[in-house]
Amino acid sequence: MLSRVSTYLYLRPKLVLGLLLVPPLLWFLVIYIGSLISLLVNSFFSLDSFTGQIVREFTLKTYAKLFETSNLQIFARTTIMAALVTIACAALAFPLSYYMARFATPRMKTFLYIGVTLPLWSSYVVRVYSWKLILAQEGIVSWFARIVQLDGLLDWYLSLPIVGGPSLAISSTGVFLVFVYIWLPYMVIPIQTALERVPKSLIEASSDLGAKPAQTFRNVILPLAFPGVIAGSIFTFSLTLGDFIVPQLFGSSAYTIGRAVLTFQGTSNNIPLAAAFTMGPILIMIVYLLIARKLGAFDAL
Amino acid sequence: MGESAILFKNVSRHFGEVKAVDDVTLEIHDGEFFSMLGPSGSGKTTCLRMIAGFDRPTLGQIFLYGQDVSNLPPYDRSVNTVFQDYALFPHMTVGENIAYGLMIKGLAKDQRKKQVDEMLDLVRLTGFADRKPSQLSGGQRQRVALARALVNHPKVLLLDEPLGALDLKLRQQMQVELKAIQQRVGITFIFVTHDQEEALTMSDRIAVFNLGKIEQVGSPADIYEHPQTSFVAGFVGVSNLIGGEVAKRITGAEDKFSIRPEKIHLSSMDAKADADMYSATGKVRDVVYLGLYTRYLVELDGGGDLVVVEQNLKSTSMDVMKSKGQQTRLMWKKEHISKLGG
């Protein structure tokens, strides 16, 4: 019986391929594309402000709301934060990845690899809360600042507009620090993979042709690692754009995209506006990828 | 020969306990096509990498045209390398690859372009400047790698098994071309290979490496006809090694000797050897017909084997097969035998 089934399938490779692909395709179509379509459709509906009911008729009214100043500020604030987090993650991840890919012994590399990914094994919320303890008014940072007598500097920094706040735990600086911390692994791993794929002989060839280490870095290593940086930045950028927990816990009252979506959807049941808001990050990501392509990020793929 | 291009003075390179290069002293002359031949792990590539500057000697000194370069980084040496995997920059075009060294030197763009075009002509890739390396065949990449190195007019060009990845026909074609280019540009070429035929075809001189040491340095004819060690005799071409009892019976001395299979002639038992020849008798145990020639394995009377190769000038496969099992007399000129040390 079993061998007859095997023979039947062996003679029909296309059927086998079909059977293999149906579950992932169904998943992809229904869950992924389906939810995106429902999002898109909902964003063209509107909320009757009197009854609180969703009006299922095509309108651009909801999208028009996005262009109100307060909402534009939310987009700008979130995008700037995402960009800063991405730059900081790249700046921190590159040297580490470079060391891991080029110099670390296999043991050291395994150790660092586990070190970088270990935080991902525990709950995101727990890790974020632990930063509360570090950044809080009576937390580790201000305690340490007092010991080294830099508490004056810290107070002065917190008094600054935009970056400051009542304490590090309630400031955009705090949000920034926690974002950099939680998304760093997503930057390290793609950069490290990209650097590892640069053959050693290319670096030798560059120096053989007269390039000093800094020139080799600029002309050979950086361009070849660039797709890795872009891959990592897609993670850090989009994750920051959509996150609502960190701004909720560490941010001031200023909204970000994620928090706004949560409020519209959860608190005020304004699903159309939440949906339209969500289209924002998608659009920003598309623009981002187009810029990345223009910069040649995908040339070496 | 002229001045020395490269001079190794008691150079050793240790990797932990392993002596990859062990007390090598070697002089390579200006304008020479010099090959480093040896099996993998014999130290030839490490020697090349030390000339390039990718590796530094643990002990000893390396001189480049009289200058001690032992501790100079690669970018401060007037030496360029053609890598085994070509190491072309994948994100640059062929033209940008070739111009890389010139760009680093700060040459203006139009001058770079002129020199790149000259180089492309030299390696017969005219018009390929705007392609990406990934669009080229193995042989073409090889030429780009060569052009990228030569455009800098290095004092010495290093080639690390550059033909290893090519198929046989292309390899033979590139051997001829490389030699022609070397004669045209007049630069010292140092060529690393494990292929003895390649080394014999192209080189002015060859150094045979084994276990981190140089076994013999000499011209191709010298290496082939007068191997000085049993390793060289066995690695370069095919050799019969005879020693002990067998050697004593044939030559009268108990030393180790090597004799090339093609130098031995099969003749009838009653043939008489001239005064300048050695002779031995035996029985043909095996005959392998190989088209152009036939290989015989002869079991000598009183012990020992000799491999004999004869061209099939007049004989057919039927003829040669008949000799199997026959008694035969083997003769060869005394000068064709090499006494081996070590």
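Reader: Which helices of chain A do the buried residues of helix 13 of chain A pack against?

Author: In this predicted model, helix 13 of chain A covers residues 257–267, and its buried residues are Ile257(A), Gly258(A), Arg259(A), Ala260(A) and Phe264(A). Just after this helix, Asn269(A) takes a positive phi of about 55 degrees. The partners of those buried residues, also in chain A, are helix 4 (69–102), helix 11 (213–242), helix 12 (245–250) and helix 14 (271–294).

Reader: What is the area of the nonpolar surface patch that includes Leu26(A)?

Author: Leu26(A) belongs to helix 2 of chain A, which spans residues 13–43, and its relative accessible area of 49% makes it partly exposed. The patch also takes in, among others, Val22(A), Trp27(A), Phe28(A), Ile37(A) and Val41(A). Its area is about 1100 Å².

Reader: How many residues apart in sequence are the parts tied together by Lys109(A) and Glu196(A)?

Author: Lys109(A) and Glu196(A) form a salt bridge in which the closest N and O atoms are 2.7 Å apart. Lys109(A) is partly exposed at 24% relative accessibility, and Glu196(A) is likewise partly exposed, at 39%. Since Lys109(A) sits in helix 5 (residues 106–117) of chain A and Glu196(A) in helix 9 (residues 172–196) of chain A, the pair ties together parts whose separation in sequence is 87 residues.

Reader: Is Lys179(B), which forms a salt bridge with Asp204(B), buried or exposed?

Author: The closest N and O atoms of Lys179(B) and Asp204(B) are 3.4 Å apart. Lys179(B) lies in helix 5 (residues 168–185) of chain B and Asp204(B) in the loop between helix 6 (196–202) and strand 9 (205–210) of chain B, so the pair ties together parts that are 25 residues apart in sequence. Asp204(B) is partly exposed, with a relative accessible area of 31%, whereas Lys179(B), at 16% relative accessibility, counts as buried.

Reader: Which strands of chain B hold Asp305(B) and Arg285(B)?

Author: The side chains of Asp305(B) and Arg285(B) meet in a salt bridge, with an N to O distance of 3.8 Å. Both residues are partly exposed, Asp305(B) at 40% relative accessibility and Arg285(B) at 41%. The pair ties together parts that are 20 residues apart in sequence, because Asp305(B) lies in strand 16 (residues 305–311) and Arg285(B) in strand 14 (residues 277–289).

Reader: Which residues are linked in a network of salt bridges?

Author: Side chains of opposite charge can pair when their charged atoms come close. Over all chains, the count comes to 19 salt bridges. The residues linked in a network are Lys200(A), Glu204(A), Arg13(B), Arg49(B) and Asp55(B).

Reader: Where does the side chain of Arg329(B), which is buried yet has no salt bridge, reach a backbone oxygen?

Author: Arg329(B) lies in strand 17 (residues 327–333) of chain B. The nearest side chain of opposite charge, that of Asp270(B), is 7.2 Å away, and a salt bridge would need the nitrogen and oxygen within 4 Å. Beyond four places in sequence, the residues that Arg329(B) touches include His265(B), Met269(B), Ser279(B) and Thr281(B). At 3.3 Å, its side chain reaches the backbone oxygen of Ala271(B).

Reader: Which residue of chain A is in contact with Thr81(B)?

Author: Thr81(B) is found in strand 6 (residues 79–82) of chain B and is buried, with a relative accessible area of 7%. Leaving aside neighbours within four places in sequence, its contacts include Ala52(B), Phe54(B), Ala149(B) and Leu158(B) in chain B, and, from chain A, Asp208(A).

Reader: What is the phi of Glu161(B), a residue other than glycine?

Author: Most residues other than glycine have a negative phi. Arg124(B), exposed with a relative accessible area of 51%, has a positive phi of about 55 degrees although it is not a glycine. Glu161(B) is found in the loop between strand 7 (156–160) and helix 5 of chain B and counts as buried at 8% relative accessibility. Its phi is also positive, near 40 degrees.

Terms used:
Residues numbered from 1 in each chain as written. Chains lettered and ligands numbered in written order. Predicted model: local features only at pLDDT ≥ 70, side-chain atom pairs only at ≥ 80, totals over all residues. Heavy atoms only, no water. Helix = DSSP H or I, 4+ residues; strand = E, 2+ residues; numbered from the N terminus. Buried < 20%, exposed > 50% of the residue type's maximum accessible area, 1.4 Å probe, protein only. Lys, Arg positive; Asp, Glu negative; His and termini not counted. Polar contact = N/O pair within 3.5 Å; in protein donor to acceptor, adjacent residues only side chain to side chain. Contact = heavy atoms within 4.5 Å. Patch = residues over 30% accessible without salt bridge, like charges linked within 9 Å, V, L, I, M, F, W, Y side chains within 5 Å. Areas by Shrake-Rupley, 256 points an atom, 1.4 Å probe, with all protein chains shown as cover.
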